[in-house]
Amino acid sequence: MTGKENAQRMEKIVSLCKRRGFIFQSSEIYGGLNGVWDYGPLGTELKNNLKQYWWQVTVRDRDDVVGLDGAILTHPAVLKASGHVDTFTDPMVDCRTCKARLRADQLSEKNGVKQCPNCGGKDLTEARPFNLMFQTQMGASADPASIAYLRPETAQSIFVQFKNVLDVSRKKLPFGIAQIGKAFRNEINPRNFTFRSREFEQMELEYFCRPEQGMDLLAYWLKERIKFYEEIGISRKRLHILDVPEKERAFYSKGTFDIEYEFPFGRQELEGVAYRTDYDLQQHIKASGKPLDYFDEETKERFVPHVVEPSAGVDRTVLALICDAYDEDTAPDEKGKMETRVVMRFHPRMAPIKCAIFPLLRNKEALVAKAREVQALLRPHMNVFYDEGGAIGRRYRRQDEIGTPFGVTIDFETLGEKGEELRDTVTLRDRDSMKQERVTIKDLPQLISSKIR
Ligand code: GAP
């Protein structure tokens, strides 16, 4: 695809997200809050499906990982020890012409001269570090002792609670602590829709191990994480693995892989998988004076564990799911004429609505009653949507556009009007192939459930 085609594709995606209720600009009626987004009804379902699946495979399906739900408000000492207070910065420059504040590493360049991407101005200030953390005040007095931060990553509460979790869970190395939650960064230049936001969610795992296991576990978790993206339906061909060169890694990391996705606006990071050695625990040991070490009952050794960290962005993965799912093909309209169909090809596991239920006609009481029965039958098993409005073809299109993988139509055959053998059967339509098969109502929960888990 050309740059122009990609830009058009992205425009269509952003517009669909708003039109169908996936993602809205936050505080839109007041002009919007830059870099902050609200998820609408469908976006919320999609995001929850993603987080639940991550939690299932990362925590519940494993014996060696437990969960944590840490606070967002963070003691400054934690972030001083982790290095965030002093070094969590991006280089910032000001454009003296249009007054824009810009990230020095994201300037455009013409004939080797750096220029402002907004106005093309070349009169730029020297770069200076800008700390990305949001600072707030706790309690009624506004003195320096009342400063707290909104966490810039979920990881630090895992390190700080390492000993408590170890004591209560009685896990042996290697084991992990997982967390899903909000993080906040005062990005200089939020952009590319939700890709770089100021408020976002992370899904992080800190997997603690013996030092000699670090490199093998780095390779193991990279493989696991790629598998995860495939399992949620992201095409492998759009995923890339970047082996981050030593000079670009954090100084304490012995190896880092970025998992990148080919968004319409370019190849960008979805997740970092990093071997962070024992840096974080050592920093907190030094700063707090508390022992955050591990005693190996078998070897009688006491040491500070090392850690491998797969750290993924919820919002970026949601955006990748949406970009990957967006497709256009052709399908016949009511009169059999071919028309363009927008279809979100979400993996059924991720789709916000799993099954739509349509009575063929809204003014036939028996059809509506049966359709409501089907809805009640499926509801305990999955998120369903009942729609009786408009021609059936139009109703299919509306569901295709939001990625509902299955549609059930209740028709006169269902009522037994075209032969007793068809009573209590319905048509089950597949979103992608648009093929319909006749199935018995009582088989629906099992049939659909097996495809959405
Ligand atoms: N604990 C390690 C850590 O936070 P990171 O690479 O800074 O590492 C991890 O962040 C992930 O969080 C990124 O790969 C990305 O998916 C997500 N993320 C980071 N900054 C973000 C932002 N401004 N907007 C949306 N997602 C972001």
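How many bridges join strand S5 to strand S9?

1. First, some ground rules. This is a predicted model, where local features need pLDDT of at least 70, side-chain atom pairs count only at pLDDT 80 or more, and totals for chains, interfaces and linings use all residues. Residues are numbered from 1 along each chain as its sequence is written, and side-chain values use heavy atoms, with hydrogens and water left out.

2. Back to the opening question: strand S5 (residues 89-94) and strand S9 (residues 128-131) are joined by 4 bridges and run antiparallel. Strands here are DSSP runs of E with at least two residues, helices are runs of H or I with at least four residues, and both are numbered from the N terminus. Two strands pair if DSSP finds at least two bridges between them. In this pairing, Asp90 sits opposite Phe130 in S9.

3. S5 also has strand S6 (residues 101-103) as an antiparallel partner, with 3 bridges between them. Here Met92 faces Arg103 in S6. The hairpin of S5 and S6 has 6 residues between the strands, and Lys99 takes a positive phi near 70° there.

4. Asp329 has Arg341 in S21 as its bridge partner. With 5 residues between the strands, this hairpin has a positive phi near 85° at Gly336.

5. S10 pairs with strand S11 (residues 147-150) over 4 bridges, and Phe134 stands opposite Leu150 in S11.

6. Two backbone details deserve a look. Most residues other than glycine have a negative phi, and most peptide bonds are trans. Asn111, though not a glycine, has a positive phi of about 50°; Asn111 is in the loop between strand S7 (108-110) and strand S8 (113-115). The peptide bond from Leu173 to Pro174 is cis, with omega near -5°, and Pro174 belongs to the loop between helix H6 (162-169) and strand S12 (175-184).

7. Which residues come nearest to the ligand? They are Glu153, Arg185, Glu204, Glu269 and Leu270, out of 20 residues around the ligand; a residue counts as near if one of its heavy atoms lies within 4 Å. By class, this shell has 5 nonpolar, 5 polar and 10 charged residues. The classes are Ala, Val, Leu, Ile, Met, Phe, Trp, Tyr, Cys and Pro as nonpolar, Asp, Glu, Lys and Arg as charged, and the others, Gly among them, as polar. Strand S13 (199-209), strand S16 (266-277) and strand S19 (306-313) each supply at least two residues of the shell, and the largest share, 5 residues, comes from S16.

8. As for individual atoms, a polar side-chain atom of Arg185 lies 2.8 Å from an oxygen atom of the ligand. A polar backbone atom of Gly313 is 3.0 Å from a ligand oxygen atom, while a backbone N or O atom of Phe195 is 3.2 Å from a ligand nitrogen atom.

9. Last, look at helix H2 (residues 41-60): it gives the largest share, 8 residues, of the lining of the second largest pocket. The lining divides into 7 nonpolar, 5 polar and 6 charged residues.

Technical notes. A polar contact is a pair of N or O atoms within 3.5 Å; within protein, one must be able to donate a hydrogen and the other to accept it, and residues adjacent in sequence count only if both atoms are side-chain atoms.
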